[in-house]
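The following paragraphs lead through one protein model, from a pocket to a group of strands and then to several individual residues. Please keep the sequence and the structure in view while reading.

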Amino acid sequence: MYNQLIVNCKFHGIRFDLPKASIGEYGSIGNDLIYNRDFYRQQLLGRVERFFENRGYRCLAPAWPYKIAPSEELRNSHPDPAIATTRLVDLLDYFTTIINALPEKPILIGHSLGGLIVQLLLQRGFGIAGVAMHSFPPLGLGYKLSFLKTVWKTAGLFSSRKRSYMISFETWRYTIANEMSFEQRKELYYLYAIPESRQVMLDIFRSVAGIDFGNAHPPLLFTSGGRDRLIPAELNYRNYKKYRIRNSIAHYKEFKDRNHLVFGYPAWREDADFIFGWLEGINGNAFFNIQ
């Protein structure tokens, strides 16, 4: 069995209400993982990489373009014209290049905007399975007011597209790290918050962010947080419900006490354990349905 995972980053009961579905043309699920995230730093993913590597997966968590430096250095470089140039299509091409260099298709895990990127990469045929955590909604899905307010602030309709966006501590405190103590919010902000491209935020309202929900797809898991103020659980569930294709696997899990930060949360192992169990389930069973 091949073992690589690309990680792409950013209990209510399991909503596994689809009929049993086979993996079909996608075959067995290998152990290569790619993880993708947005808005906060790659260091946060170290614990995630170790978790899956200790369970037999080979993990890649490539930094996004122009974001190799430590968090403080990136914040000090703001506004960064290089980061500001990044578009959603650039990120898709970037991860496609990484995947094409692998001997086999990987499993993709993405958080926030990274979750949407997982959906888009799977649609293009670049993954054997995917996990979309607190995923940005694809074009046309419909949006919650809380999501629109944050995204429009990020996009800065009257701000220069040549300037990167830096999330303020106030926005971080309320939208990303809510339900944590002030000291936890402050510590995590200085550890992980970094500048972003305004243009990427605008691209999620363009055709490049569209999903054809009528096509067959590899196994896909959505996870959400009951206390997520940026991507409310209802929005994640709506995203999941669009995937109702016969013989394609789509599952949904809400963690009732989670905010948007997920792997910065003290109970992050619960999320990781669930994802691991899901991956083992689809790998070990031609017909997979968790009760």
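This is a predicted model: local features need pLDDT of at least 70, side-chain atom pairs count only at pLDDT 80 or more; totals for chains, interfaces and linings use all residues.

Which residues line the largest pocket? They are Ser 146, Lys 149, Thr 150, Lys 153, Glu 170, Thr 171, Tyr 174, Thr 175 and Arg 229. The elements that give two or more residues to this lining are α6 (145–155) and α7 (169–176). Helices and strands are DSSP runs numbered from the N terminus, a helix being H or I over at least four residues and a strand being E over at least two.

Residues are numbered from 1 along each chain as its sequence is written, and side-chain values use heavy atoms, with hydrogens and water left out.

How is such a pocket found? Rolling a probe the size of a water molecule over the atoms shows where empty space is left. On a 1 Å grid over the protein atoms alone, a pocket is an open set of points where a 1.4 Å probe fits, with protein on both sides within 12 Å along at least five of seven lines, and lining residues have an atom within 4 Å of a point. The largest pocket holds about 220 Å³ of space; a volume is the space filled by probe spheres set on the points, which are joined across faces, edges and corners. Its lining divides into one nonpolar, four polar and four charged residues. In this division Ala, Val, Leu, Ile, Met, Phe, Trp, Tyr, Cys and Pro count as nonpolar, Asp, Glu, Lys and Arg as charged, and the others, Gly among them, as polar.

Attention now turns to the strands. Strand β6 (residues 129–133) pairs with β7 in the parallel sense over four bridges, and six bridges join β7 (residues 220–225) to β8, again in parallel. Two strands are said to pair if DSSP finds at least two bridges between them. Phe 222 of β7 is the bridge partner of Ala 132, and Phe 222 also has a partner in β8, namely Tyr 252.

The term buried means under 20% relative accessible area, exposed means over 50%, and partly exposed lies in between (1.4 Å probe, protein chains only). Leu 220, Phe 222 and Ser 224 form one side of β7, Leu 221, Thr 223 and Gly 225 the other, and all are buried. Strand β8 (residues 250–255) is likewise mostly covered, with six of its six residues buried. From β8, Ala 250, Tyr 252 and Glu 254 point one way, whereas His 251, Lys 253 and Phe 255 point the other way.

Several loops also deserve attention. Ser 164 is found in the loop between α6 and α7, and it counts as buried at 1% relative accessibility. Its side chain makes a polar contact with the side chain of His 78 at 2.7 Å, and the side chain of Ser 164 also reaches the backbone nitrogen of Asp 80 at 2.9 Å. A polar contact is a pair of N or O atoms within 3.5 Å; within protein, one must be able to donate a hydrogen and the other to accept it, and residues adjacent in sequence count only if both atoms are side-chain atoms. The peptide bond from His 78 to Pro 79 is cis, with omega near 0°. Pro 79 belongs to the loop between α2 (71–76) and α3 (81–84).

Two further loop residues have a positive phi without being glycine. For Ser 112 phi is about 65°, and this residue sits in the loop between β5 (107–111) and α5 (113–123). For Glu 179 phi is near 75°, and its place is in the loop between α7 and α8 (182–192). Ser 112 is buried, with a relative accessible area of 0%, whereas Glu 179 is partly exposed at 41%.
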